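Here is a short briefing on one structure. Please keep the sequence and the 3D view at hand while reading.

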Amino acid sequence: MDSNERRLLIENYSRKTYVLTEHLRQFPREMWDFKPDDAHWCIREILWHILDIEMHGYLRFRTALAEPGSTVSAPEQDLWAKQIGYARLDADDAVEGIVWVIKTNGKLLKTLLEPDFNKSVTHPEYGKLNLDQLLERHHKHIQHHMDQMTHRLNEWNAKKN
Amino acid sequence: MTSEERKAKIDELGGFALALPQALKEFPRSMWHYKPDPDHWCIQEVVFHLLDTEINFYIRYRACLAEPGKAIMPFDQDVWARELRYKDGDVDQALAGLVWALQANYGLLKNLPEEAFLKTVTHPERGVLTLERILEYSLGHIPHHIGQIRKRHNEWKALQK
């Protein structure tokens with residue numbers, strides 16, 4: 001990744017706070033708990049999942065910088081959703097946390113020097129990931145779940161009609 | 001620990017979300033960067049350390065619940081303070097995140113059934129830790145650093161005479 005691509009990626013990642021909150025406006029609150037079946041997440045669960053992955057990201061980015069080469073943790077996402085009870089938690093708290101953590105991560109990333117992005121951690125599933133790769137994964141992850149929310153809305157609309 | 005004792009401890013954790021920003025108002029911003037020597041943290045560094053520790057607790061509490069028995073990742077506090085340049089960060093953003101994380105952890109713990117507090121994670125240095133033990137550790141950690149902040153303030157005041 002060259003420095004321009006990286007700058008753009010950091011900018012796009014940081015803008016996710018705005019993009020996500022704008023995206024959420026299209027979902028009526030009455031469907032935030034809708035799920036087509038037990039195996040799929042509702043909007044509320046997706047938001048808590050994004051938050052918990054970004055909280056892991058907070059620690060991963062900083063571990064890469066401070067203790068490069070360390071192993072980082074990865075949550076078993078379905079167990080977290082079920083055992084922590086994402087479906088019962090306040091979605092607004094999750095949004096508030098997401099905005100804070102992405103803003104804070106973005107601010108940190110903007111202060112880094114080029115060689116910092118080669119620092120890496122070991123992910124238990126994906127192996128060695130440098131800071132560029134971590135950032136790409138976190139950025140894509142948020143977009144993936146925003147698309148999943150849209151899919152949920154389409155299912156809910158189809159069910160209503 | 002009886003359930004009343006546990007409830008009091010959880011309330012104490014939630015109380016820090018209000019008490020900590022209030023306590024910090026005692027100390028003039030002009031001395032938040034003061035350190036007696038490079039080996040001791042200034043107030044700003046202590047705030048960042050409290051934030052990063054609370055986010056680690058955020059993950060640890062939830063790992064206990066969702067994936068009991070899981071190995072958790074420790075972090076080297078002095079390396080983090082130095083490599084992440086705590087002294088140069090946005091301390092207001094850090095404080096906002098610390099309050100958010102304390103409230104999120106309080107919100108999670110206050111609604112847990114009694115048996116959840118016996119769930120564990122494994123710390124590489126401290127061994128098996130129950131959720132209850134992590135809570136106790138957190139409750140000792142915050143006042144310890146408030147004491148450190150007071151000490152730094154007293155050292156700074158002594159220099160002003």
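In this predicted model, strand 1 and strand 2 of chain B form a hairpin, with three residues between the two strands.

**Hairpin in chain B**
- Strand 1 of chain B covers residues 120–123, and strand 2 of chain B covers residues 127–130.
- The two strands run antiparallel and are joined by four bridges.
- Thr122(B) has Val128(B) of strand 2 as its bridge partner.

**Helix 3 and helix 6 of chain A**
- Helix 3 of chain A packs against helix 6 of chain A (residues 131–160) at an angle of about 175°.
- Their axes lie 11 Å apart.
- Angles over 145 degrees count as roughly antiparallel, so helix 3 and helix 6 of chain A are roughly antiparallel to each other.
- Helix 3 of chain A contributes residues including Ile46(A), Ile50(A), Ile53(A) and Phe61(A) to the contact.
- From helix 6 of chain A come, among them, Leu134(A), His138(A), His141(A) and Met149(A).
- By class, this contact has ten nonpolar, six polar and three charged residues.

**Contact between chain A and chain B**
- In chain A, 26 residues are in contact with 24 residues of chain B.
- Helix 3 (43–66), helix 4 (77–84) and helix 5 (91–110) of chain A each give two or more residues to the side that touches chain B.
- Helix 3 of chain A gives the most, with nine residues.
- The chain A side divides into eleven nonpolar, eight polar and seven charged residues.

Technical notes
Residues are numbered from 1 along each chain as its sequence is written. Chains are lettered from A and ligands numbered from 1 in the order in which they are written. This is a predicted model: local features need pLDDT of at least 70, side-chain atom pairs count only at pLDDT 80 or more; totals for chains, interfaces and linings use all residues. Two strands pair if DSSP finds at least two bridges between them. Two residues are in contact if their C-beta atoms, placed from the backbone, lie within 7 Å. Ala, Val, Leu, Ile, Met, Phe, Trp, Tyr, Cys and Pro count as nonpolar, Asp, Glu, Lys and Arg as charged, and the others, Gly among them, as polar. Axes are lines fitted to C-alpha atoms, for helices over the stretch in contact, and angles run from 0 to 180 degrees between N-to-C directions. Angles under 35 degrees count as roughly parallel, over 145 as roughly antiparallel, 65 to 115 as roughly perpendicular and the rest as oblique.
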